[in-house]
Amino acid sequence: MSDTMLAMPRCFVVIPTLNEEAHIGALLERLMPSAERLDLTVVVADGGSDDATCEIVRAFAAAEPRVRLLANPRKLQAAAVNLAVAEVGDAFDCVIRIDAHGDYPQDYCDRLIEDFVATGADAVTVSMMTKGEGPFQKATAIAQNSPLGNGGSKHREGVAGHWTDHGHHALMRISAFRAVGGYDESFSHNEDAELDYRLRQAGYRIWMTDRTIMTYYPRASVLPLFRQYLGYGRGRAKNLLKHRAVPKLRQMIPMMVLPAVAGTALAVIHALAVLPALAWIGACLAYGILIAVRERTSLGPLAALSAMVMHLAWSIGFWLQLAGIGRRRKASIHPATEGLAR
């Protein structure tokens with residue numbers, strides 16, 4: 001056996017699911033060639049789907065012993081990964097996290113493992129490209145792929161491979177994951193950034209690969225998008241509070257959206273109170289027009305609207321969490337993972 005083969009880690013894939021009947025079958029089909037090639041076990045951790053998700057996975061598992069269905073009573077993605085590591089992690093070196101509602105190249109797992117071996121990293125993260133199908137989803141994707149929607153986040157832009165503090169979670173060394181206690185299950189959003197913070201504080205290294213990428217499909221209408229970013233804002237504030245960290249500039253700017261919008265109520269006292277909100281709206285619309293011209297798309301103004309929905313929802317969630325309104329429970333670990341931290 002070659003030295004390269006000896007260096008290859010044993011990996012398993014975990015796919016958190018909840019009502020993913022439209023996607024899970026095709027995703028499993030796409031993963032099987034690499035699962036065969038790399039000797040991967042694929043664990044689908046389902047959070048109580050009431051559609052045909054579990055039936056599809058069971059049928060797939062009956063024909064393909066590499067696939068396993070695991071019940072995730074806590075529903076959250078963080079809990080799904082924790083549970084999968086607790087249940088099957090002893091037999092593996094690394095866990096690869098796959099999102100059920102994403103799209104992946106055929107060699108996705110290959111490239112992750114190769115970079116893991118080449119760099120000696122404790123975690124390998126990826127850039128995320130967003131795509132859409134209908135007009136609003138396409139516009140939201142345009143916004144999320146631009147600084148208007150992502151604030152210049154490097155794991156949205158597909159920059160060259162580098163050591164980083166955070167990226168979209170892909171592959172993690174199980175010993176490092178366990179050493180810091182896994183995901184904090186009190187986080188419904190931003191659990192990946194929170195875990196990356198603890199990994200970095202403990203001295204573990206995170207590599208952002210440029211050799212592969214995942215594709216994400218955003219929410220297709222305004223209300224689900226608003227709810228998603230409300231959760232993101234809460235998660236970011238919770239992360240900062242937990243670790244007593246200082247927000248980055250790209251986080252400070254959307255923080256000010258809610259105060260700017262709320263300040264328009266003072267227009268009854270002085271008309272200038274509307275200027276901060278008008279400046280925000282104007283900046284978004286101007287960037288939307290720039291996108292329309294630069295990318296030759298009529299969806300630029302709609303992308304600006306999507307960005308405003310994201311900014312406002314994020315800001316509301318952030319300030320609600322800071323104010324303690326509707327806060328979630330304190331940090332928790334799934335009972336099956338207790339005792340993993342050391």
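This is a predicted model: local features need pLDDT of at least 70, side-chain atom pairs count only at pLDDT 80 or more; totals for chains, interfaces and linings use all residues.
Helices here are DSSP runs of H or I, at least four residues in length, numbered from the N terminus.

**Aromatic pairs**

There are seven aromatic pairs in the structure. Two of them are set out below.

| Pair | Geometry | Centre to centre | Angle between planes |
|---|---|---|---|
| Tyr 104 and Tyr 108 | edge-to-face | 4.7 Å | 65° |
| Trp 314 and Phe 318 | stacked | 5.2 Å | 15° |

Take the tyrosines to begin with. Planes over 60 degrees apart count as edge-to-face, and the Tyr 104 and Tyr 108 rings sit at 65°. Tyr 104 has 6% relative accessibility, so it counts as buried. Tyr 108 comes in at 1%, so it is buried too.

Trp 314 and Phe 318 both belong to helix H14, where they are four residues apart, or about one turn of the helix. Both Trp 314 and Phe 318 are buried.

**H13 against H14**

H14, the helix that carries Trp 314 and Phe 318, spans residues 300–322 and packs against H13, residues 275–295. How far apart are the axes of H13 and H14, and at what angle do these helices pack? The axes are 7 Å apart and the angle is about 140°. Angles over 145 degrees would count as roughly antiparallel, so H13 and H14 are classed as oblique to each other. The crossing of H13 with H14 is right-handed.

On the H13 side, the contact is made by Trp 280, Ile 281, Cys 284, Leu 285, Gly 288, Ile 291 and Ala 292. Facing them from H14 are Gly 300, Pro 301, Ala 304, Met 308, His 311 and Leu 312. Sorted by type, the residues of this contact are 10 nonpolar and three polar, with no charged ones.

**Leu 225 and its surroundings**

Which residues does Leu 225 contact, leaving aside its neighbours within four places in sequence? They are Phe 136, Thr 140, Gln 144, Arg 219, Ser 306, Val 309 and Met 310. Gln 137 is 88 residues from Leu 225 in sequence, yet their C-alpha atoms are 9.6 Å apart in space.

Methods. Residues are numbered from 1 along each chain as its sequence is written. Side-chain values use heavy atoms; hydrogens and water are left out. Axes are lines fitted to C-alpha atoms, for helices over the stretch in contact, and angles run from 0 to 180 degrees between N-to-C directions. Helices (H or I, at least four residues) and strands (E, at least two) are DSSP runs, numbered from the N terminus. Angles under 35 degrees count as roughly parallel, over 145 as roughly antiparallel, 65 to 115 as roughly perpendicular and the rest as oblique. A crossing is left-handed if the near helix is turned anticlockwise from the far one by less than a right angle, and right-handed if clockwise. Contact means heavy atoms within 4.5 Å. Ala, Val, Leu, Ile, Met, Phe, Trp, Tyr, Cys and Pro count as nonpolar, Asp, Glu, Lys and Arg as charged, and the others, Gly among them, as polar. Rings of Phe, Tyr and Trp (its six-membered ring) pair if their centres lie within 6.5 Å; planes under 30 degrees apart count as stacked, over 60 as edge-to-face and the rest as tilted. Buried means under 20% relative accessible area, exposed over 50%, partly exposed in between (1.4 Å probe, protein chains only).
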